[in-house]
Each structure stands twice: as structure tokens, then as C-alpha cells.
Amino acid sequence: MNWLHELFQKSPEIALFLSIAAGYYLGKIKFGKFQLGGVAGSLLVAVLVSQVGVEIDAGVKSVMFALFIYAVGYESGPDFFRSLGKQSIKEIILAAVLAITGLLTVVVLAKGFDLDKGLAAGVAAGALTQSAIIGTAGDAITKLGLGADEVQRLQGNVAIGYAVTYVFGSFGAILVCVNLLPKFMGRSIKEDALKAESAIQSGVQVYGPGQEAAAPDLVGRIFQLPPNTATTISALENASDLPITIERVKREKQVMEPTPDLQLLGGDIVLVVGKRTAVVTIAPSLGKELHAEEGMELTMQRREVVITSKKLENRTFGDIRAAAAQDVRHGIYVSQITRQGKALALEPETVLMLGDVVTVFGAEQDVKRVVDLIGHAIVPSAKTDFVYMGAGLVVGLLVGLLTARIGSIPLTLGSGGGALLSGLLFGWFRSRRQSFGYMPSGAVQILKDLGLAAFVVVVGISSGLQAVQTVESQGLKLLLIGVVVTILPLVLTMLFGRYVLRYNNTAIFAGALSGTRSANPAFGEVLDKAENTVPTVPFAITYALANVFLTLLGPLVVALV
């Protein structure tokens, strides 16, 4: 293996990407109904790679984790702030239950297996994957009034307990949140994620990437008018209660300008555009339908427009449409209205607000006319606004440096908590002012996937060799104790959440449960299974609380063991 060691020393990034590739390949393999998933697979492969001897700068882990957690927050900001309130009380209680059961488990096992204060605190830090416990426990040890040698020994034991238990702490959380919880609930994460998304959208059908309705709501059809026709375009368009528009007229071989007072004659060929129900209703009176006709081609546009005009604020959709002049609304069809990412019902009584996004459909000149009256169009782009993204990360990392104290115990969000909070705020603000800060969904996804995968691999490579060596020298006792500390509090919290807090949705519960442990790898797998952002809101709440609750365990373990 010397050649591998030399290779990885020359180019440690090879070890990083090899672990990701092999880990995701391993994660796809099914063992019966069980499947590891890419994150857990990458962690296991990284531990194996670490045995060869490889070092990756810890800064890589910090950068990748910041990108991952910021992207998660950015994507979920609108939903997160909408969910805050009394409905968040369950997440607060859940986070507290995990911290309390985690503390009790550590203290009981430490007393039962004669662990000293240092090893007990290290097991808590590693098995609960809360690295901040190392700092708070080490600080508490210095205040015990012990000799310098004993303080140094106990602080060293904190590191040993952490190194032995951290790898399974990450892996075990994945097993519980991604594999055990769905079996316990009797429904898959994806199934309930789709159900929750449908409820969030108030029953409005929202199509994912690559999806579209088999029978679209807006259609264009070509008809040849019957011989006895004698009417104007304006009269024909107003013949039905449901709006239609005549976008093209052809008489013999001449394509004519479709003005409202243009007289239509029998044999004229017209292109009719409108809601499918309206076109189907009026079709019998329009004569023979044609498959295609030269000169009747027309390109329609679909544009998302942000409402910025104060004239439209706090008015109903029906009121705005009724008040708009005929020449303003002519040829324009609204297919969707969204508010902070949530689709609203297209009903006359729906009240519009500044920042709402209206999706309009029509001919180019018609769409441009309406956009100028409503606000500004969101132009699709593949480019990320790196000014906005960079500012968000800087703000988040600065917030992560802030420290508050409860007595002598320092409390901080850390870089992860700061980046998450900043992502939530910047994502929410972007949803209300969409003229800047654009980040394509594909860019968000690659930041989440690559950021988490690289973070997990660096953790495995950094801790794997030391953990294996420590187990060999110290025996399996610490490792097995760590397994119990990882699994038991999660299982007890899962039971409490299901039967006391009445969590019914697997996806929401999985997000909340992974957050109570600050279990980022587990949350990454939950997101992957859900295939939408539903688990993110409960995760964000419990994750922020867990950073505080679990950090407090350091001095408590030192005091109670």
C-alpha cells in the first residue's frame, strides 16, 4: 500500500474524489431492501482510505460544509420564516428531549463502565457528533481544581473518546433517520414529502422538472370558419363567458392583422388561443379544425413577473382583472401565482401582494405590455449572482464567530449555524425582491450534494485512522458505548415524537430528528430520499437549537460523571 500512500500524499484530492465516487457507487447497492445511500457510503469508503495514511487540510471540510449548509438555508428560507410561530413548539420540545436523553445515556453508561470525566465527555462529543462539546468539556475540566498532569490526561481522554465514536455517530444517525424511521412510520420519506408538498401548495398542482400536464390548460387551435360566418374578431372573442383570443387570421393566401373590428368571413382560417375549457366550448361554432396551416405559426411566451406596482397591492385577482381595460388584458392568460415559492389558488378572491410572482402566457407583444404594468420579468438564467451568494456566506461566517456566555460556558452558532441562518435570511429576502440574488436550482443542488459529500469524506479520512488505532489499543468498549449513545437517544426521541408530539409525516419527522442531533450527513440522505425541500424547515429549527442544547452537555457531563 506504500504506492497509494505516496500517491495520496502527492495529491490528497485524489483520495477525496475517489472516496466520493466509490462511496456513491456503494450507496446505490441494495442489500435486500436496505440501501446505504451516497453519504453513508462515502463515509465508509473514506474510513477505509484513511487507513492508507492521507491528510486533507481541515479548511476543505469547513469550506464544503459552509457551502452545503448555506445552500440548504437559501433554498428553504421562504418556507422557514413562514413556519415560525406556535407550530414550531414541537421542534423545540423534540430538540430538548434528544439533549436530555443523550445526557442521561452518557452519564448512566459512564458510571456503569467506570469511564472518567474525559472519556465520558469525548463519547458525548463523538457519538452525538457535536464537536463543540470538546471545547466546553475541556474548559470545565480546567475548573475542577486538579493538578496540571491530571487536567492534561482528562483533556486527552476527551479527544480519544471523540475519535473512537465520531464515525459511527455520523453513520448511526443515518441508519435511524433514513432507514429505521420510515419502517417505524410505515411510509417512505419520499411518499410523505410529496404529500406535505401538496398540502403546502394548497392543493394547487405544481409540476416538477421535466413534468407537464397531458392536457395543458392553455391551448392554441386552428379552425376554418364555416361558410355563413359574418362577425368581427371582437364579437367572436366575446361570444363566450370564458376568454379566448384570435391571434392569426388568414384569408385565401393573405395573413391579415387581427384587429378587434376586422370582419371575419366564411372560409377564413383563424388561430384561436385560450383556456382549454373555453376553446373546447366554442370549437363547434368555429367550423373545421385544421392540423396545421402555413403562415399561422405563432411563438407564445411564458414569463414569471414579480409584482412591484403599488397599484396592485392588497387587491384581489378578480378585482384587478375586472378593472383592467380590454386592450390591456387582451391575449394575456395567468397560469400561476406564487408567494415565497408557494402556489396560490387562481381564484377571483385571491389577494395579491408586492413580491408575488405571476406567471403570464401570451404573444410576445402582449406579454411585454403587461410586464411593464405589473413589475419586472424574471429572466431565466444559468448564472449565479456570486455577489449576493458571497455576501451571504461572509455574513453567516461572521455570525458564526459571535459568542455568548452562560456563566463560564461559551455558546456560539459556529460556522455551520451561522451559514444556515444567513442562508435562510438571504433566501427569504431574495424571494421578496427577485431582481437580484439569483441562483439556479441546479447550482443549489450541486452545492448541497458536493458540499455534503466532501465534508463527510474529510471527516472520515481525518478521524478514521485514529479511531481504528484507538479501538485496537483501548479495546471495543468505548466503541460499543458510543454505539449505544448514538442510537438510544435517537430511538427514544423518535418514540416521544411519534406518540407524544404526534408527528405523522415521515419526511417532516426525519428532518426534525436529524436536526436534533446536528446530524448533517443524515439530513443530506433525508433530502436525497425526499427529492424536495419539505424536511428542511423542521431541520433548520431543531439544528439551531441542538447547537445550543448539545454544547451545554460538555460541562454537565463533567459535573455529573
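## A pair within helix α14

In which helix do Asp 366 and Arg 369 both lie, and how many residues apart are they? Both belong to helix α14, which covers residues 364-374. They sit 3 residues apart, about one turn of the helix. The model is predicted.

The two residues form a salt bridge. Asp 366 is buried, at 6% relative accessibility. Arg 369 is partly exposed, with a relative accessible area of 26%.

Salt bridges that share partners join Arg 187, Asp 192 and Lys 195 into one network. Within it, Asp 192 forms a salt bridge with Lys 195. The closest N and O atoms of this pair are 3.8 Å apart.

Asp 192 and Lys 195 are both in helix α9. They are 3 residues apart, so about one helical turn separates them. Asp 192 is buried, with a relative accessible area of 1%. That value falls under the 20% limit for buried residues. Lys 195 is partly exposed, at 47%.

## A link across the sequence

The salt-bridge count comes to 9. One of these bridges joins Lys 190 to Glu 531, with the closest N and O atoms 3.3 Å apart. Lys 190 lies in helix α9 (residues 189-200). Glu 531 lies in the loop between α20 (520-530) and α21 (536-549). The pair therefore ties together parts that are 341 residues apart in sequence.

How accessible are the two partners, Lys 190 and Glu 531? Lys 190 is partly exposed, at 36% relative accessibility. Glu 531 is exposed, with a relative accessible area of 58%.

## The open sheet

Now to the strands. An open sheet is formed by 5 strands. Their order is β6-β5-β8-β3-β9, and the pairing is antiparallel. Which strands stand at the edges? They are β6 (254-256) and β9 (288-290). Each has a single partner strand, so one side of each is left without a neighbour in the sheet.

Neighbouring strands of this sheet are turned against each other by 30° on average, direction ignored.

## Strands β3 and β8

Strand β3 covers residues 218-224, and strand β8 covers residues 269-275. The two pair in the antiparallel sense over 7 bridges. Ile 222 stands opposite Leu 271 in β8.

Note on methods. Residues are numbered from 1 along each chain as its sequence is written. This is a predicted model: local features need pLDDT of at least 70, side-chain atom pairs count only at pLDDT 80 or more; totals for chains, interfaces and linings use all residues. Side-chain values use heavy atoms; hydrogens and water are left out. A salt bridge is a side-chain nitrogen of Lys or Arg within 4 Å of a carboxyl oxygen of Asp or Glu. Helices (H or I, at least four residues) and strands (E, at least two) are DSSP runs, numbered from the N terminus. Buried means under 20% relative accessible area, exposed over 50%, partly exposed in between (1.4 Å probe, protein chains only). Two strands pair if DSSP finds at least two bridges between them. Axes are lines fitted to C-alpha atoms, for helices over the stretch in contact, and angles run from 0 to 180 degrees between N-to-C directions.
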